[in-house]
Amino acid sequence: MSIYDTLNKEQKQAVMTTSGPLLLLAGAGSGKTRVLTHRIAYLIDQMGVNPWNILAITFTNKAAGEMRERVDQLVGFGADQIWVSTFHSACMRILRRYIDRLGFDSGFTIYDTDDQKTVIKGICKRLNIDTKIYREKALLGAISSAKDSLTDVREYEIGAAGDSSKAVYAKVYREYQETLQKNNALDFDDIIVKTVELFKNCPDVLDQYQERFRYIMVDEYQDTNTAQFELVRLLAEKYRNLCVVGDDDQSIYRFRGANIRNILEFEQYFPEALVIKLEQNYRSTQSILDAANAVISNNVGRKDKALWTDRGAGSRIHLRQFDNAYEEAEFIAGDVARRVKKEGAQYRDCAVLYRTNAQARLLEERMILEGIPYNVVGGTNFYARMEVKDILAYLKTIDNGRDEVALRRIVNIPKRGIGAATLDKLEDYAQLHEISLYDAMREADDIMGMGKAAAKIRPFVHLIEGYRKRLRELTVAELISAVVSEIDYGRYLQDYDDESCEDRIENVDELITKAVSYQDTHEEPSLTEFLEEVALVAEIDNVDGSDDRVLLLTLHSAKGLEFPNVYLAGMEDGLFPSYMTIVSDDPEDVEEERRLAYVGITRAMNELTLTYAKMRMIRGETQYNPISRFVREIPAALMDNTLPQGRRPDSLLPDRDTVFGLRPKAVLRPKTTAKADRPFIAREIGSLNRLAGISKGMPDRAPEDPEYGEGERVTHVKYGEGTVTKLEKEPRDYKVTVNFDKYGQKIMYASFAKLKRV
DNA sequence: TTTTACTTCGTTTTT
DNA sequence: CGAAGTAAAA
């Protein structure tokens with residue numbers, strides 16, 4: 001009896017195929033992590049591969065940590081030699097060693113989205129670019145997707161030739177890269193891109209890593225972007241022992257540059273690749289899988305596969321409608337409480353999934369009210385909070401004097417009377433003498449025209465210099481404590497906002513706690529490394545599964561997790577799929593949302609509950625959205641409640657004042673913000689309903705007689721041909737039961753099924 | 001230079 | 001609704 005006997009046939013094949021390229025199409029819940037960990041064990045124990053030669057890449061630190069733990073359990077010896085890491089931290093390790101070859105200093109810092117925005121703002125100001133026309137977000141987005149697809153500044157400029165608008169983007173891209181280089185900083189995308197650049201420019205470095213990583217495994221392969229693919233391709237080029245594991249149906253990061261072609265075209269890059277499909281699901285009941293399969297089958301251009309299980313049908317999927325989001329939250333909280341009290345469930349067995357982070361608030365409030373322990377994943381990243389960023393900016397300034405973004409952030413926090421005018425003078429001086437802004441501050445006394453300002457700068461420089469000198473004798477935690485007390489940051493927070501100051505001080509303390517735990521878990525702790533780790537944590541990394549709490553999280557963060565009880569909240573067209581994707585002219589956008597729905601459904605092991613509200617407040621506006629098309633794509637027979645048969649929007653229109661107890665000021669205020677590109681909500685309802693296949697005013701009319709009868713052959717767009725076994729007239733529509741040749745029996749409503757007689 | 005009062009704007013998802 | 005930006009005032 002060996003550890004490999006518990007694997008099924010395909011899993012075993014995947015584990016034992018150790019050489020050459022391997023594409024593992026692993027459906028949700030098909031045990032891919034098991035395969036990966038067993039494969040690593042097999043490589044070491046059975047094939048005699050040196051653990052040192054193995055690289056396993058995941059997307060989140062959490063996934064990396066879990067994999068490492070499981071490998072440790074399977075492999076007797078040398079497991080710590082394996083690189084199990086995320087794309088970003090693997091690249092960081094390489095860059096810290098070799099980035100000097102690209103003209104950066106190895107003490108570079110990492111810019112998060114906030115920092116990037118600051119840089120872009122500065123550039124726009126400097127170049128007199130109107131941010132009304134060229135939005136910072138759009139500029140950043142363009143730069144990011146250029147990088148994701150490995151388009152450098154030069155190439156971008158060539159592509160922009162002759163297009164004045166694109167030329168602005170190109171100019172900003174160039175300035176942005178130059179600023180980052182000047183600040184000795186990289187953004188998230190650069191971490192990958194610069195590593196690729198390094199490998200391409202320095203064959204000796206590439207060769208060294210190729211020799212080291214003779215066996216490479218990539219998890220969540222469907223989420224890789226072009227740059228990440230190129231990185232992996234380069235590393236694997238020599239020995240070609242590359243195993244990628246992914247599921248095209250779970251590709252949900254296209255907006256972030258994930259290139260689904262990486263999976264669909266893997267066999268073109270590696271013609272000798274073996275492809276293995278894992279379709280047996282060990283997680284969910286058949287009903288849940290049927291629902292997931294039915295929904296995802298509406299997407300085109302996917303690798304064909306269907307999940308199955310030997311677990312049995314299980315209970316039906318619960319579908320619940322509510323008047324508003326408050327009642328929805330009330331139900332979910334109540335249902336969780338009921339399951340815990342009556343069915344012996346634990347809180348941690350339950351998770352509430354939603355499309356947007358904003359939905360968490362109401363759910364959270366309700367959980368508090370009912371006294372249910374919960375945890376919200378995501379929202380504002382801990383390290384993105386103002387008070388935490390302030391402290392980190394101090395640390396960054398001490399660590400890397402060239403990081404101007406950090407310096408500018410804290411130079412006047414707390415108030416030192418160093419304002420824009422002073423900084424402008426310093427900047428001029430710095431530019432003239434080709435030194436950094438911080439170095440200019442050090443020489444402030446010698447700068448003409450500095451006047452009284454020099455006296456204000458002196459203590460600040462003194463403070464930073466003092467900590468630089470003491471850097472070696474202080475731990476990171478001690479350093480933070482010292483800085484916080486020296487600048488009297490607590491007082492600053494109190495003056496800033498008395499209300500929130502307690503929470504903020506708590507967060508600063510939390511940061512110190514994290515610094516202590518960093519200190520305890522690392523062999524050679526350093527400030528640089530601490531800042532790096534802190535920059536690369538994702539919210540999901542902090543989820544502790546051993547806490548007995550209900551988890552509240554977005555569908556995106558839920559990927560890779562599983563729960564006995566799952567609630568999918570806010571199943572409404574306009575929210576999920578989001579309004580943006582519905583009106584998009586690219587049908588791929590809705591398909592991505594559908595994959596998200598697939599991910600959500602397949603998180604559930606035993607019970608799946610879908611909820612939606614007729615009315616919901618979104619950005620201070622009340623919206624009336626129809627039920628999500630994804631719910632309609634689930635066969636009715638799988639659910640415990642019937643779908644609404646369409647409704648007339650006008651019968652539902654505003655009674656919000658009575659519902660929310662609001663004074664009618666919101667209604668009376670003239671709608672001055674209505675613009676051509678953002679139509680009235682009332683009009684949106686109409687169009688959304690039309691998109692969902694509901695036509696206004698039709699529900700109560702007698703249904704049209706279908707062109708087919710019982711026993712006749714019909715054809716369906718998705719299911720193909722079948723025989724009508726039952727035809728029942730209902731007040732609003734005909735209910736048709738069809739036995740499809742390929743998909744078996746389905747019950748559907750005539751007006752939605754659009755069946756054609758053969 | 002800093003504080004305040006007011007307007008404007010937007011929302012998907014995040015390593 | 002809330003964050004963030006802008007203009008005016010102190």
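The surface near DNA strand B comprises 8 nonpolar, 10 polar and 8 charged residues by class. These values, like those that follow, come from a predicted model. In total, 26 residues surround DNA strand B, and the closest are Phe 59, Arg 256, Arg 355, Ala 538 and Arg 619. Of the atoms of DNA strand B that come within 4 Å of the protein, 63% belong to sugar and phosphate. Three helices each supply at least two residues of this surface, namely α19 (420-433), α26 (555-558) and α27 (579-583).

Polar side-chain atoms approach DNA strand B at phosphate and at base positions. For Lys 137, a polar side-chain atom is placed 3.2 Å from a phosphate oxygen of DNA strand B. Glu 593, by contrast, has a polar side-chain atom 3.3 Å from a base oxygen of DNA strand B.

The packing of helices was examined next. Two packed helices are described by the angle between their axes and the distance between the axes. Helix α6 (residues 136-148) packs against helix α9 (residues 188-201) at an angle of about 25°, and the two axes are 9 Å apart. Because the angle is under 35 degrees, α6 is roughly parallel to α9. The crossing of α6 past α9 is left-handed. On the side of α6, the contact is made by Ser 144, Lys 147 and Asp 148, and on the side of α9 by Asp 189, Asp 190 and Val 193. By class, the contact of α6 with α9 has 1 nonpolar, 1 polar and 4 charged residues.

A second pair is formed by helix α1 (residues 9-16) and helix α2 (residues 32-45), which pack at an angle of about 40° with their axes 8 Å apart. The two helices α1 and α2 are therefore oblique to each other. Their crossing is right-handed. Helix α1 contributes Gln 11, Ala 14, Val 15 and Met 16 to the contact, and helix α2 contributes Val 35, His 38, Arg 39 and Tyr 42. The residues of the contact of α1 with α2 divide into 5 nonpolar, 2 polar and 1 charged.

Two features of the backbone were also noted. Most residues other than glycine have a negative phi, and most peptide bonds are trans. The bond that joins Phe 576 and Pro 577 is a cis peptide bond, with omega of about 5°. Pro 577 is placed in the loop between β13 (563-568) and α27; helix α27 is also one of the helices that supply at least two residues of the surface near DNA strand B. Asn 184, a residue other than glycine, has a positive phi, near 55°. The position of Asn 184 is in the loop between α8 (164-182) and β5 (185-187).

Key:
Residues are numbered from 1 along each chain as its sequence is written. Chains are lettered from A and ligands numbered from 1 in the order in which they are written. This is a predicted model: local features need pLDDT of at least 70, side-chain atom pairs count only at pLDDT 80 or more; totals for chains, interfaces and linings use all residues. Side-chain values use heavy atoms; hydrogens and water are left out. A residue is near a molecule or strand if one of its heavy atoms lies within 4 Å of it. A polar contact is a pair of N or O atoms within 3.5 Å; within protein, one must be able to donate a hydrogen and the other to accept it, and residues adjacent in sequence count only if both atoms are side-chain atoms. Helices (H or I, at least four residues) and strands (E, at least two) are DSSP runs, numbered from the N terminus. Ala, Val, Leu, Ile, Met, Phe, Trp, Tyr, Cys and Pro count as nonpolar, Asp, Glu, Lys and Arg as charged, and the others, Gly among them, as polar. Axes are lines fitted to C-alpha atoms, for helices over the stretch in contact, and angles run from 0 to 180 degrees between N-to-C directions. Angles under 35 degrees count as roughly parallel, over 145 as roughly antiparallel, 65 to 115 as roughly perpendicular and the rest as oblique. A crossing is left-handed if the near helix is turned anticlockwise from the far one by less than a right angle, and right-handed if clockwise. Contact means heavy atoms within 4.5 Å.
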